[in-house]
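Take a walk through this model with the structure open beside the text.

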Amino acid sequence: EKTVVLITGCSSGIGLSLAVRLASDPAKTYKVYATMRNLAKKERLLDCVKGLHKDTLDILQMDVTDQRSVLDARQRVGEKRVDILVCNAGVGLMGPLEAQSLDTMRQILEVNLLGTISTIQAFLPGMKTQGHGRILVTGSLGGLQGLPFNEVYCASKFAVEGVCESLAILLQHFNIHVSLIECGPVNTNFLDNLQAAEPGSSGEQVDARTQSLYEMYLQHCGTVFQNAAQDTDDIVKIYLEAIQSASPAFRYYTNSALLPITSPKTAASDGLQYIKTMSKIIFSTNNKVEQK
Ligand code: NAD
């Protein structure tokens, strides 16, 4: 019997690569339900699996912000069970906070936070009844540490951490494992797909000092991506490790060269060390000079 895997956000990036890898598994271990908001984008996925997918892949429409669409997709799972749920759909948002419109911020929280929660909600009762399950969530370093100009994205990903950590405690009693796959920068369309704040879309002007710090931040981002971005295959490997483990970890860090900077958060009770460390890393033009 195949392991039934349902993945959200499969039209591109990590979701697409994971769906392709699992559906093309040589041992045909998995039956993959690759879901995407817009079925018109399914060609890329179909191209990647090249006809090898007859009995291992189904593509379903699912917009994680539309509960009807989540429930419809659940209904279309032929096996009437999902063994592994992968909550991967997500969008970024970058720019000065005062430039973000309420609608855009709401959209980010709708997809990243409520979309993840409502997908889990839809499949949780089934997992409890069948007495087993895996919930895997694509997490982010931005869910573990604050990043300037990413306030709302970080808020959404921090919140996802809270959801998963809380659920994991309870779900131990149901033989359901929750794991976060914590990614640093990954070469996907994420940066192109992210919602950049359109200047003035909130009606607020952004001052020149903030603008110039934003430019410094973008430069820092570019360097980090250039030096440390992973390919989706690297992320898929970690996903496989979690999927194949008999007792999966709660957190997997995909990039050992770029771990979250968490210890300065608790090093002193005033909580300032992380803020200072990060500010130095991002905003000093010459780190070597500043840090000596
Ligand atoms: P991506 O933009 O290629 O993939 C995101 C996918 O989510 C897209 O296919 C998009 O269509 C889908 N999506 C967006 N809104 C949706 C909705 N309402 N319903 C269903 N699907 C929706 O980028 P990616 O890098 O593959 O992103 C996947 C996950 O990885 C996201 O959760 C993201 O936060 C996380 N992540 C990415 C990076 C990175 O640098 N790329 C870093 C850390 C975490």
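A polar contact is a pair of N or O atoms within 3.5 Å; within protein, one must be able to donate a hydrogen and the other to accept it, and residues adjacent in sequence count only if both atoms are side-chain atoms. The model is a predicted one: local features need pLDDT of at least 70, side-chain atom pairs count only at pLDDT 80 or more, and totals for chains, interfaces and linings use all residues. Numbering starts from 1 along each chain as its sequence is written, and side-chain values use heavy atoms, with hydrogens and water left out.

Start in helix 5, where serine 156 sits. Helices (H or I, at least four residues) and strands (E, at least two) are DSSP runs, numbered from the N terminus. The serine 156 side chain makes a polar contact with the side chain of asparagine 112, at 3.1 Å. Is serine 156 buried or exposed? Its relative accessible area is 0%, so serine 156 is buried. Buried means under 20% relative accessible area, exposed over 50%, and partly exposed in between (1.4 Å probe, protein chains only).

Now turn to the ligand. Which residues come nearest to it? Of the 29 residues around the ligand, these are Ser12, Ile14, Tyr153, Thr188 and Asn193. A residue is near a molecule if one of its heavy atoms lies within 4 Å of it. Tyrosine 153 has a side-chain N or O atom 2.8 Å from an oxygen atom of the ligand. The backbone takes part too. An N or O atom in the backbone of isoleucine 14 lies 2.8 Å from a ligand oxygen atom. For a backbone N or O atom of glycine 13, the distance to a ligand oxygen atom is 3.5 Å. The protein buries 97% of the 810 Å² that the ligand exposes when taken alone. Such accessible areas come from the Shrake-Rupley method with a 1.4 Å probe; for residues, only the protein chains shown count as cover.

Which elements build the shell around the ligand? At least two residues each come from helix 1 (13–23), strand 6 (133–140), helix 5 (151–171) and helix 6 (190–193). Strand 6 gives the largest share, three residues. By type, the shell holds twelve nonpolar, 14 polar and three charged residues. Here Ala, Val, Leu, Ile, Met, Phe, Trp, Tyr, Cys and Pro count as nonpolar, Asp, Glu, Lys and Arg as charged, and the others, Gly among them, as polar.

Next come the aromatic rings. Rings of Phe, Tyr and Trp (its six-membered ring) pair if their centres lie within 6.5 Å; planes under 30 degrees apart count as stacked, over 60 as edge-to-face and the rest as tilted. How many aromatic pairs does this rule give? The count is two. Phenylalanine 149 and tyrosine 214 form a tilted pair, 4.8 Å centre to centre and with 45 degrees between the planes. This pair links distant parts of the chain, 65 residues apart: phenylalanine 149 is in the loop between strand 6 and helix 5, and tyrosine 214 is in helix 7 (residues 208–228). Phenylalanine 149 is buried, at 8% relative accessible area. Tyrosine 214 is buried as well, at 13%. The ring centres of phenylalanine 149 and tyrosine 217 are 5.8 Å apart and the planes are at 40 degrees, so this pair is tilted. Tyrosine 217 lies in helix 7 and phenylalanine 149 in the loop between strand 6 and helix 5, so the pair ties together parts that are 68 residues apart in sequence. Phe149, Tyr214 and Tyr217 form one aromatic cluster. Phenylalanine 149 also has a positive phi, near 65 degrees, in a residue other than glycine.

What of the cysteines? A disulfide is a pair of cysteine sulfur atoms within 2.5 Å. The count by this rule is zero. Cysteine 10 is in no disulfide; the nearest cysteine sulfur, that of cysteine 87, is 11 Å away. Cysteine 154 is in no disulfide either; the nearest cysteine sulfur belongs to cysteine 221, 11 Å away. Cysteine 10 counts as buried at 0% relative accessibility, and cysteine 154 counts as buried at 5%.

Finish with two loop residues. Lysine 28 lies in the loop between helix 1 and strand 2 (30–36). Its phi is positive, about 50 degrees, although lysine 28 is not a glycine. Lysine 28 is partly exposed, with a relative accessible area of 36%. Glycine 90 sits in the loop between strand 4 (84–87) and strand 5 (93–94). Glycine 90 is partly exposed, at 29%. Glycine 90 and threonine 116 are 8.6 Å apart in space, C-alpha to C-alpha, and 26 residues apart in sequence.
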